[in-house]
Amino acid sequence: MKITRRAMTAVLASLGAQAQTPARPALTAEITAGPEAELQSAREQVRANVTALSQFEIPMSTEPAFEFKA
Amino acid sequence: MAEVGDLFFAAIPELNRLLVSREISAVELARAVAARLQSLGPRYNALALLLEPQAIRSAKAVDADLKRGRTRGPLQGIPYGAKDLLSFAGQLTTWGAKPYAGQVFDHDAAVISRLTGVGSVLVGKLSTVELAGGGGYRYATASLQGPGLNPWDRTRWSGGSSSGPAAAVAAGLVPFAIGSETSGSIVTPASYCGVTALRPTYGLVSRYGAMALSWTLDKVGPFARSAEDCGLILHEIAGSDSRDPGSADKNFYYAPQFARPVKDLRAGFAVVDFSAWAEPAARPVFEAALAVLQESGLQLVAAKLPEFPYDQVISTVIGAEEASVFESLIRSPQVDQLGDAIQIAGLKANLDIPATAYLKAMRIRRLIQEQFRELFTGVDALVAPGRMGIATPVAEPLDSDRPGPVPQDPGMSDLIPAANLAGLPALVLPCGFAEGLPVALQVVGPPFSENLLLAIGREFQQRTDWHRRRPPGT
């Protein structure tokens, strides 16, 4: 690849024009249930995960995947 | 004579050749990339902070070195961007989140220090989903910089949470970028934007100076033009770091000359991923990509993921760890300044996760690791879609139900959480287009198998040119 400095200058000059781009697409209004309802839903999900994990049987001897070393 | 536009899509070895032969100076290259990033970055909401003065200073030092014949390797003088959860001393590091919009650190992230040490030129910080999306998020707008827009179609999401890195590399705004993944944040945007990217083994790249979302899951990795470029970058950014408690204390040497021949390798895959989980428009693209892998000599064999409740395990690990990391934020009014209602609710709810649940998740995680070790005695790698389809519309909720029936056989649809829980590396390979948008494969290997993954990637990219395609208007 060989590039002339004149070509480089021309491209840099054109970047100013390209910067005037169309606005980003309009987003539809975000739909939320309200903060309290969202928090309730999130807490229910946490409880569901906790229940699912508690019901998943594993050997008693299984240790967590981290170690403490003095 | 090449077009200047070719410069912005050139791979690292080509850029390095131009710099070493003095056909272009590091300052000229840094100026050109900075100008392009400044001009076009906002088009995709990819730019968080331009660092042009700092980049020019670094580039001048590179030019002085090159003039004296002091070469430091292929990344010398190469401009790049860094996800805005990596600290750069004295400059804003916002984590994509309003409560941290004015945050400044006094130290560089380890990955940035390493790249500076080999003469790479940081030209800008790139956008991220707020707090790397840990609490969950419903809309792509969950970022200080706005929704990441896909360079292939700006009505589509770039993916996240490494939205800026993926879009910036895809659009030729930077030759490479550094992103991160806790669970999906490299694989997803790389797949959606059609960019080659590498999620390293947990602990191979230092997390020092990277925002902690989940200490035991966070990984830092490159987005680049090719598998080869990813290997060159990983060679420089990997390594032991006593400042990162999760450091694997291992180095990585990119050694393609010593890689096992691809024809000697076996890769496991699940037929159902490509025949039923994949969106219909993507299926022929994936089928063709698998055929290319087979032509390269890679033996594809049927494989299954070990059966575990991956979603519940990863949600609990991330949730408990991030709730601890961000406890002071969550208990303060500032948490309500975050952009996404689901993120706010998720962070608050995660304070409720009992320690026993976190410990159970971490115990299951040990079993997941053991089962993957067993799986990898029969295959060298796993191959699956990076994402099952194309980038979603920006305006659409990210938790929308999947269209069509859910296949009964899970296949490897849980590969992202499963592989992250086991700390496994993944290489994302763009493999074609469906409905005009990129799709990609992910190749996952055992811990520290990056050279093997990169060998498969190089072979695939020698036979295809999907990784060299340019979005319209770039």
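The entries below begin with conventions and then turn to particular parts of the model.

**Conventions.** I worked from a predicted model, in which local features need pLDDT of at least 70, side-chain atom pairs count only at pLDDT 80 or more, and totals for chains, interfaces and linings use all residues. Residues are numbered from 1 along each chain as its sequence is written, chains are lettered from A and ligands numbered from 1 in the order in which they are written, and side-chain values use heavy atoms, with hydrogens and water left out.

**Chain A.** I found two helices and zero strands in chain A; helices (H or I, at least four residues) and strands (E, at least two) are DSSP runs, numbered from the N terminus. Of its 70 residues, 17% are buried, where buried means under 20% relative accessible area, exposed over 50%, and partly exposed in between (1.4 Å probe, protein chains only).

**Nonpolar core.** I looked up the largest nonpolar core, which has 181 residues. Such a core is a set of buried Ala, Val, Leu, Ile, Met, Phe, Trp, Tyr and Cys residues joined through side-chain atoms within 4.5 Å. Among the residues with the most contacts inside this core are B:Leu86, B:Val111 and B:Phe372. Helix H14 (residues 355–375) of chain B gives the largest share of the core, nine residues. I then followed B:Val111: leaving aside neighbours within four places in sequence, B:Val111 is in contact (heavy atoms within 4.5 Å) with B:Leu86, B:Ile178, B:Val205, B:Val220 and B:Ile237.

**An enclosed helix.** Why is helix H13 (residues 341–350) of chain B largely enclosed by the rest of the structure? I noted that seven of its ten residues are buried. Those in H13(B) include B:Gln343, B:Ile344 and B:Asn350. Their cover includes helix H2 (35–55) of chain A, together with helix H11 (310–325) and helix H12 (327–330) of chain B.

**Backbone details.** I checked the peptide bond between B:Gly160 and B:Ser161, which is cis, with omega about 10°. B:Ser161 lies in the loop between strand S5 (153–157) and helix H6 (163–170) of chain B. Two residues other than glycine have a positive phi near 55°: B:Trp95 and B:Ala132. I placed B:Trp95 in the loop between strand S2 (79–83) and helix H5 (110–117) of chain B, and B:Ala132 in the loop between strand S3 (121–126) and strand S4 (149–150) of chain B. B:Trp95 is buried, with a relative accessible area of 13%, and B:Ala132 counts as buried at 11%.
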